Amino acid sequence: MTAAKRIADIKSGHVLEQGVALSRSRLWDFERAYYERKGLKAWGEGDVPSAITSNPIMAAAYAEVIVAFLRDCEAAGHLDRSRPVHVLELGSGSGRLAYGLVRRLRQLLQATTLADQRVTVVLSDFDEAKLEQLACHPRLQEHMASGWVDFAVVDAAAPGQVRTWQSKELIADAPLVVVANYVFDSIPSDVYAIRAGVVHDVALTLTSDAPELDRSDAKAISRLRLSWDPSEAPAEPTGHPSFDAVLASYGELLDTTMVMLPTAAMTCVEALANAAGAPTLALVADKGWAHLRDLSGQGPPVVVPDGGSFSIMVNFDAVARVVRAGGGTALLPPHQVQHLVVGAFVLGDLEATETARRYADVLGEGGPDDAHSIRGATKPPGELTLQQALSLLRTTRWDSRTFLEVFPLLYQLVGDANGRSKIDVAAAVHRVWDEWFPIGEPSDLALFAGLLLSRIGHHREALSMFAASIEQLGPNAEAHFGAARAHIALRELQEARREVRAALALNPRLELARTLALELEAELGNLDGGPPVDPKEGGGVAPS
Ligand SMILES: C[S@@+](CC[C@H](N)C(=O)[O-])C[C@H]1O[C@@H](n2cnc3c(N)ncnc32)[C@H](O)[C@@H]1O
């Protein structure tokens with residue numbers, strides 16, 4: 001950016017901060033303030049995208065690679081059965097990934113020689129309030145009670161010693177797994193300019209339309225203007241020899257460009273691995289650049305606002321160089337990714353053969369990024385056949401979002417389906433339900449599950465789904481009405497009457513419920529010895 005342009009930018013707004021390194025900018029404070037302010041609502045209300053990083057495909061693939069890493073550790077004599085292995089998820093957000101991960105890990109480990117190895121998935125965040133809420137989540141209770149889930153406050157920008165809440169264990173003296181999905185773009189990074197083989201520092205100036213921005217301003221990030229100014233002189237040493245070596249190699253290998261260095265992320269992983277004092281696997285997913293070839297011809301960093309937060313690209317190539325320089329293994333997709341780079345980094349002295357093999361199978365190619373891309377290439381959910389919709393659910397590993405998308409189609413098609421397909425639909429509903437980790441989103445998955453089960457005649461199971469809908473989202477006319485119909489099908493007419501009345505009390509205008517109530521009263525009148533109802537006038541209640 002030229003000096004003239006910079007002055008023009010500054011003149012057109014209020015200067016909040018001038019000439020600072022990106023990692024020291026106040027920009028990161030606004031990001032942090034957003035997450036503190038929003039808490040778990042950031043996911044329930046859909047502000048922060050998480051579908052691509054927190055889904056059953058990602059959880060299953062991570063679990064596979066973690067088990068492979070543990071096998072490598074076992075083969076090298078690094079596992080001591082008296083010491084737990086921690087899977088520390090940084091910035092665990094909604095908790096949805098951790099839930100899928102712990103379920104899958106338990107299934108996988110049970111069937112291996114590692115069945116007696118204690119493993120604990122630790123949900124962490126810098127924001128303690130979020131963790132306290134997650135610790136009350138009904139889906140986590142059994143995993144917490146059995147020691148498979150724990151919590152810890154960890155600031156990824158300054159991790160320090162990590163002690164878990166429940167077991168009060170220090171994360172140390174055992175192999176460690178670190179998971180960081182969409183986190184390394186939220187903590188400080190730096191940017192450098194490469195000009196004719198020389199690396200230059202880049203200073204950031206923040207301007208805004210207001211003289212001062214409040215951390216609590218929900219629109220703060222979108223009110224910021226950023227301008228970037230490369231220094232004339234070569235860059236100062238970073239104080240970290242391996243970062244300096246990466247920059248020196250970029251000076252040699254890249255032409256005119258700007259490169260990011262995820263400084264806090266790299267420092268964090270190294271600090272956690274040092275504290276573990278044993279081989280450490282870091283599984284990292286973010287928007288970013290995987291290869292040197294992606295780094296050519298780049299301009300200044302693009303800060304993309306997402307609701308009240310922002311994202312910024314992560315330079316995975318730099319992380320890989322630092323890890324390899326330290327004797328570790330860096331695994332990255334061999335191709336250009338579309339949406340999300342998922343990398344695996346093994347630090348410490350370990351022959352990571354199994355880890356690399358599993359990574360290549362489930363993350364490097366055909367993994368979460370490819371699955372996400374291919375979703376856009378399939379027919380719209382409404383045009384699938386029943387079998388295709390079931391295949392989609394299977395290949396997304398019973399993803400709840402996918403279920404909600406194909407629900408109208410399943411509901412429509414399953415009515416005419418044969419008995420075997422109905423069995424598959426019922427099984428699909430149960431798999432989706434077990435996999436689902438509610439994050440406070442408004443969609444009523446339990447209601448839809450109940451409606452589908454009722455439609456295929458599984459009325460008793462449908463009733464428990466309608467009850468779950470009421471428990472999770474509070475009394476609602478649709479769930480009571482669904483329960484009334486299920487009771488009718490089971491010939492439990494008194495219970496049906498109670499439910500239909502509850503539905504009408506909540507929504508007197510629910511026409512179908514009114515009709516059902518009349519039919520029901522007529523039938524109960526008959527059963528009670530009341531006046532017979534003329535079927536031609538619509539009396540009698542048919543099982544659905
Ligand atoms: C974009 S969200 C990602 C959440 C989740 N991992 C996912 O993939 O959906 C970023 C998360 O990082 C957390 N976070 C931000 N700064 C952090 C820091 N310095 N240390 C730890 N967590 C941080 C936020 O609270 C939030 O949970």
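Student: Is Met 260 buried or exposed?
Tutor: This is a predicted model, in which local features need pLDDT of at least 70, side-chain atom pairs count only at pLDDT 80 or more, and totals for chains, interfaces and linings use all residues. Residues are numbered from 1 along each chain as its sequence is written. A residue is buried if 20 or more other C-beta atoms lie within 10 Å of its own, exposed if 12 or fewer, and partly exposed in between, with C-beta atoms placed from the backbone. Met 260 is buried because it has 24 other C-beta atoms within 10 Å.

Student: Where is Met 260 found, and what is it in contact with?
Tutor: Helices (H or I, at least four residues) and strands (E, at least two) are DSSP runs, numbered from the N terminus. Met 260 belongs to strand 9, residues 257–261. Two residues are in contact if their C-beta atoms, placed from the backbone, lie within 7 Å. Setting aside neighbours within four places in sequence, the contacts of Met 260 are Ser 189, Val 191, Pro 301, Met 313 and Asn 315. Its C-alpha is 9.6 Å from that of Leu 22, which is 238 residues apart from Met 260 in sequence.

Student: What confidence does the model carry?
Tutor: pLDDT is the predictor's confidence in each residue, from 0 to 100. The chain average is 92, and 95% of the residues score at least 70. Residues 1–10 stay under 50, and the model has 14 contacts for them beyond four places in sequence. Residues 531–544 also stay under 50, with 24 such contacts.

Student: How many helices and strands does the chain have?
Tutor: There are 20 helices and 16 strands. Of the 544 residues, 46% count as buried. Among contacts with a separation of 6 or more, 75% join residues 24 or more positions apart. Along the principal axes, the C-alpha atoms fill a box of roughly 100 × 60 × 45 Å.

Student: Which residues have the most contacts inside the largest nonpolar core?
Tutor: A nonpolar core is a set of buried Ala, Val, Leu, Ile, Met, Phe, Trp, Tyr and Cys residues joined through C-beta atoms within 7 Å. The largest one here has 163 residues, and Val 65, Ile 66 and Tyr 192 have the most contacts inside it. Helix 4 (residues 56–75) gives the largest share of this core, 14 residues. Beyond four places in sequence, Val 65 touches Leu 283, Ala 344, Thr 355, Arg 358, Tyr 359, Val 362 and Leu 363.

Student: Why are the buried residues of helix 11 on the same side?
Tutor: In helix 11 (residues 353–364), the buried residues are Thr 355, Arg 358, Tyr 359, Val 362, Leu 363 and Gly 364. They are on the same side because they cover an arc of only 160° around the axis, the arc being that of the directions from the helix axis to the C-beta atoms. Their cover includes helix 4, strand 10 (280–286), strand 15 (329–331) and strand 16 (341–347). Gly 366, with a positive phi near 70°, follows helix 11.

Student: Which residue has a positive phi although it is not a glycine?
Tutor: Trp 398 is one of them, with a phi of about 65°. Trp 398 is in the loop between helix 13 (386–395) and helix 14 (400–414), and it counts as buried because it has 23 C-beta neighbours inside 10 Å. Arg 491, another residue other than glycine, has a positive phi near 60°. Arg 491 sits in the loop between helix 18 and helix 19 (493–506), and is exposed, with 10 other C-beta atoms within 10 Å.

Student: Which residues are closest to the ligand?
Tutor: A residue is near a molecule or strand if its C-beta atom, placed from the backbone, lies within 6 Å of it. Here 23 residues surround the ligand, and the closest are Ser 50, Thr 53, Gly 91, Gly 93 and Ala 156. For the classes, Ala, Val, Leu, Ile, Met, Phe, Trp, Tyr, Cys and Pro count as nonpolar, Asp, Glu, Lys and Arg as charged, and the others, Gly among them, as polar. The shell divides into 10 nonpolar, nine polar and four charged residues.
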